[in-house]
Amino acid sequence: MADLDQPQVSVSRRATASRRGTGRGPLSRSEILHAAIELIDDEGLRALTMRKLGARLGVEAMALYHHVPSRDQLLDGIVEKVIDDLYDDPMVHGDAPDGWQPYLQRLAHGVRRIALTHPEVFPLIATRPPSAPWIKPPLRSLRWMESFLSTLASCGFSDSDAATAYRSFSSFLLGHMLLEVSALGVDTGPIEEADPDSTPRTDLSAYPTVERLERELSQDHAAVEFEVALESLILRLEDVLKT
């Protein structure tokens with residue numbers, strides 16, 4: 001799978017370029033998110049303001065608030081949009097026809113492609129407060145959580161094992177990709193946090209597997225999972241030493 005990590009052309013760049021070429025028309029939330037991602041790609045996350053975003057779209061900043069009522073909602077929308085772009089990645093499968101191992105490999109490479117395509121956006125994905133504390137970056141979309149957990153369940157994972165796999169998979173991707181984008185010169189420092197009082201209770205009714213596993217996902221197994229991951233690394237290094 002050596003060619004799975006090639007960054008793809010930014011969807012946001014194509015969308016905004018298309019609008020500029022056809023003249024001004026009614027704005028949509030999707031178009032605003034596309035333009036915001038493009039702005040971050042070009043100038044970095046800290047350069048994102050409603051005024052700059054409006055100028056890029058050819059409108060006043062106030063026009064954006066009809067679609068994204070606050071900066072918090074804009075940032076949340078950017079995270080959701082970038083992660084949900086995995087659904088348009090032909091190399092990523094929504095189920096596991098070949099088994100759970102290829103499913104995880106393809107999904108991991110898909111997330112890496114996102115990070116390499118949008119390195120300036122990835123720190124936002126990594127640090128943006130989730131809608132529930134047990135939702136882990138970078139695979140933090142409820143749609144993808146549902147897909148991940150239900151797919152592993154269909155492959156024979158118990159509820160507990162599926163939740164453990166989600167946490168472990170997330171930790172591996174997050175740590176590796178933050179180091180990789182940091183090496184590209186991306187600022188991975190602290191980003192302003194959302195107002196905790198503005199975060200509503202997450203409605204899980206559309207995500208039955210996530211809803212069923214909410215209690216399991218909420219449990220803190222960090223210490224045990226750290227020890228297991230460390231032991232696995234040491235065993236892997238022992239194998240390397242023997243070869």
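How many residues does helix 5 have, and how far does it reach from its first C-alpha to its last? Select residues 71-84: helix 5 has 14 residues and reaches 20 Å, close to the 20 Å expected at 1.5 Å a residue. That expected span is 1.5 Å times one less than the number of residues. Helices here are DSSP runs (H or I, at least four residues), numbered from the N terminus, while strands would be E runs of at least two.

Before moving on, a quick note on the ground rules. This is a predicted model, where local features need pLDDT of at least 70, side-chain atom pairs count only at pLDDT 80 or more, and totals for chains, interfaces and linings use all residues. Residues are numbered from 1 along each chain as its sequence is written, and side-chain values use heavy atoms, with hydrogens and water left out.

Stay on helix 5 and colour L74, L75, G77, I78, V79, K81, V82, I83 and D84: these are buried. (Buried means under 20% relative accessible area, exposed over 50%, and partly exposed in between, with a 1.4 Å probe and protein chains only.) Now show what covers them, including helix 2 (29-43), helix 3 (50-57), helix 6 (100-117), helix 7 (122-127) and helix 8 (142-154).

Next, hop to helix 3 and pick L53. L53 counts as buried, because its relative accessibility is 0%. Its contacts (heavy atoms within 4.5 Å) include L74, along with I32, A35, A36, L39, L48 and L64, leaving out residues up to four places away in sequence.

Now find L139, in the loop between helix 7 and helix 8. Buried or exposed? L139 is buried, at 0% relative accessible area. Setting aside neighbours within four places in sequence, L139 is in contact with L86, L107, V111, W144, M145, F148, Y166 and F169. From L139 to Y166, 27 residues along the chain, the C-alpha atoms are separated by 8.6 Å.

Over in helix 8, click S147. S147 is buried too, with a relative accessible area of 11%. It touches G94 and Y103, again not counting residues up to four places away.

Last stop: helix 12 (residues 222-242), where L233 lies. L233 is partly exposed, since its relative accessible area is 45%.
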